[in-house]
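Subject: Structure for you to look at

Hello,

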Amino acid sequence: MIVLGVALLAAATLIGVYLGDLLGLALGVKANVGGVGIAMILLIAARLWLSHRGRLTKGVQFGVEFWAGMYIPIVVAMAAQQNVVAAVSGGPIVLIAATGSLVLCFGAVALLSRIGRRDPGSGAVEHGGSVIGGDAEPEAVAPAAAPVAPDARKG
């Protein structure tokens, strides 16, 4: 059944590359625009669809997860095929877009790290660490009650 997971990935890749080529034509660019990204979105959607239908067997899941782990090398190989020199010589918009996306990603990581910060001594964090370490079974941890301000108790 691992072959079915690989076949699912192959189908998603072929459809994604085709749609990326069509998007490039629609934008007037002689290149694939987002084909690998579209393929990964299709793969995630197909995996969720199979999971909700109860048809995602362990073999299919293993085949998909193995090749999904190869995503970064595939993207690097596809990026190596792009003509970066021609893109940069096309104008400053490429540099502006690259710098803007880099700044946006750094800002998103900083924002998410501040939002998701928890007290390292809290029970939920300690329990999560023991679950990851294999020492405990996962349980539903109820959120801690918010502390009441001293002025609110007098009312």
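What follows is a short account of the helices, the core and the surface.

This is a predicted model, in which local features need pLDDT of at least 70 and side-chain atom pairs count only at pLDDT 80 or more, while totals for chains, interfaces and linings use all residues. Residues are numbered from 1 along each chain as its sequence is written, and side-chain values use heavy atoms, with hydrogens and water left out.

Helix 2 covers residues 35–53 and reaches 27 Å from its first C-alpha to its last, close to the 27 Å expected at 1.5 Å a residue (helices are DSSP runs of H or I with at least four residues, numbered from the N terminus; the expected span is 1.5 Å times one less than the number of residues). In this helix G35, V36, A39, M40, L43, A46 and L50 are buried, where buried means under 20% relative accessible area, exposed over 50% and partly exposed in between, with a 1.4 Å probe and protein chains only. These residues lie on the same side of helix 2, because they cover an arc of only 135° around the axis, taken from the directions from the helix axis to the C-beta atoms. The face turned away from that buried side carries the exposed residues I41, I44 and H52. After helix 2 comes G54, whose phi is positive, near 75°.

The largest nonpolar core has 9 residues, among them L8, M40 and V60; such a core is a set of buried Ala, Val, Leu, Ile, Met, Phe, Trp, Tyr and Cys residues joined through side-chain atoms within 4.5 Å. Helix 1, helix 2 and helix 3 (58–68) each give two or more residues to this core, and helix 2 gives the most, with 4 residues.

Best wishes
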